Amino acid sequence: MKAGKHSLSRWLLTSVTALGFIASAPALAVDAVKILVPANPGGGWDQTGRALQAAVQQAGDVKKVQVDNKGGAAGTIGLAQFVNSAKGDGGAMLIGGSVMVGGIALNKSPVNLSQVTPIARLTGEYDVLVVPASSPIKSVKDLIAQFKANPGSVSWGGGSAGGTDHIIVAMIAQATGVDVGKINYIPFAGGGEAQAAIMGGHVTVGLSGYNEFAGQIEAKKLRPIAVTSGKRLPGIEVPTLKEEGVDVELSNWRAVFAAPGINDQQKKDLMMVVDKAVRSKSWQDALAKNGWSDAYLPGDAFKTYLDSEITKTEKIISSLGLAKK
């Protein structure tokens, strides 16, 4: 009988505590999230947006998470749509990063990142240079020899004009004494299109994050010849450009932004959504699977970083003569 009373008491105490917790828990501040990926499916931004979608869903605080794609012009077409249609929307988010910073500077875009709300830097990733398995180019030395002899004969396939891939090619040209104006760069709006062009031999060499080409590299359909990191990437036996005598190093970072015109509480709520998402197992698994570096930097610290990246990128594009007149 005593045992029964104790059991009942414990049950009542547990129930009251649980009810008290539920009553005191705040209501969901963000019921639904719409993530705009300003690129076509298949590329790094798309992978980032869908990994964030899965992580937000696993975190469990948001009922509905939707991803839409709007590619083109280094993300500035999607950025323009976001700026014009999402103002004040506390559930809207935009994926972007260094590619967009470059595209804005290159094209002197009428929309820019000062018009959206920085939430957090998420990941960092180095590029890999690949050629088709049948290519006569076996190494960076082979590539540079052809590039110097006839710059136009080397077509470079990568992301949108002015993005990280394009800047890397311009930096390679500068580092090897090739006229930047003679670069034959072919931009693609999504990783899937770039991959098809490289596989089909329509471009000489392709650039993108390692994971976008990992399957084809493992299948021996593409040959990696260099990575853009300062040191070799863990577990990937591919030399760096620096090892091959080309003094170029550059990382492609990706981030998430909120809409223009949101208030402080809306910003805080979205930062909490993202913070919980990047701590989830889903997100950590995505980092490992895709070979992304965890570059999480939220709020004001990210805003400071973003401002410095914009200044640096504008200087690079100007010095390389890439910006439109």
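Modeller: Helices (H or I, at least four residues) and strands (E, at least two) are DSSP runs, numbered from the N terminus. What you see is a predicted model, in which local features need pLDDT of at least 70 and side-chain atom pairs count only at pLDDT 80 or more, while totals for chains, interfaces and linings use all residues. Residues are numbered from 1 along each chain as its sequence is written, and side-chain values use heavy atoms, with hydrogens and water left out.

Biologist: How many helices and strands does the chain have?

Modeller: The chain comes to 11 helices and 10 strands, and its C-alpha atoms fill a box of roughly 95 × 45 × 30 Å along the principal axes. Of its 325 residues, 51% are buried, where buried means under 20% relative accessible area, exposed over 50%, and partly exposed in between (1.4 Å probe, protein chains only).

Biologist: Where is Lys182 found, and which residues does Lys182 touch?

Modeller: Lys182 is in the loop that runs between α6 (164–176) and β6 (184–187). Leaving aside residues up to four places away in sequence, Lys182 touches Pro151 and Gly152, a contact being heavy atoms within 4.5 Å. From Val101, Lys182 is 81 residues away in sequence and 23 Å away in space, C-alpha to C-alpha. Across the chain, 79% of the contacts with a separation of 6 or more join residues 24 or more positions apart.

Biologist: How should I read the packing of α4 with α11?

Modeller: Two packed helices are described by the angle between their axes and the distance between the axes. Axes are lines fitted to C-alpha atoms, for helices over the stretch in contact, and angles run from 0 to 180 degrees between N-to-C directions. Here α4 (residues 98–107) and α11 (residues 299–319) pack at about 45 degrees, with axes 9 Å apart. That angle makes α4 oblique to α11, given that under 35 degrees counts as roughly parallel, over 145 as roughly antiparallel, 65 to 115 as roughly perpendicular and the rest as oblique. On the α4 side, Val101, Gly102, Ala105 and Leu106 meet Leu306, Glu309, Ile310, Thr313, Glu314 and Ile317 of α11. The residues of this contact divide into six nonpolar, two polar and two charged, with Ala, Val, Leu, Ile, Met, Phe, Trp, Tyr, Cys and Pro counted as nonpolar, Asp, Glu, Lys and Arg as charged, and the others, Gly among them, as polar.

Biologist: What is the angle between α2 and α9?

Modeller: Helix α2 (residues 44–59) and helix α9 (residues 264–278) pack at about 95 degrees, with axes 8 Å apart, and they are therefore roughly perpendicular to each other. Leu52, Ala55, Val56 and Ala59 of α2 make the contact with Val273, Lys276 and Ala277 of α9.

Biologist: Which residues have the most contacts inside the largest nonpolar core?

Modeller: A nonpolar core is a set of buried Ala, Val, Leu, Ile, Met, Phe, Trp, Tyr and Cys residues joined through side-chain atoms within 4.5 Å. The largest here has 51 residues, and Leu52, Leu79, Leu113, Val256 and Trp283 have the most contacts inside it. A second, separate core of 34 residues includes Phe147, Val154, Trp156 and Ile225.

Biologist: Are Ala74 and Lys220, each with a positive phi, buried or exposed?

Modeller: Ala74, which is not a glycine, has a positive phi of about 55 degrees and lies in the loop between β2 (64–69) and α3 (76–85); its 1% relative accessibility counts as buried. Lys220, also a residue other than glycine, has a phi near 65 degrees in the loop between α8 (210–218) and β8 (222–227), and at 67% relative accessibility Lys220 counts as exposed.
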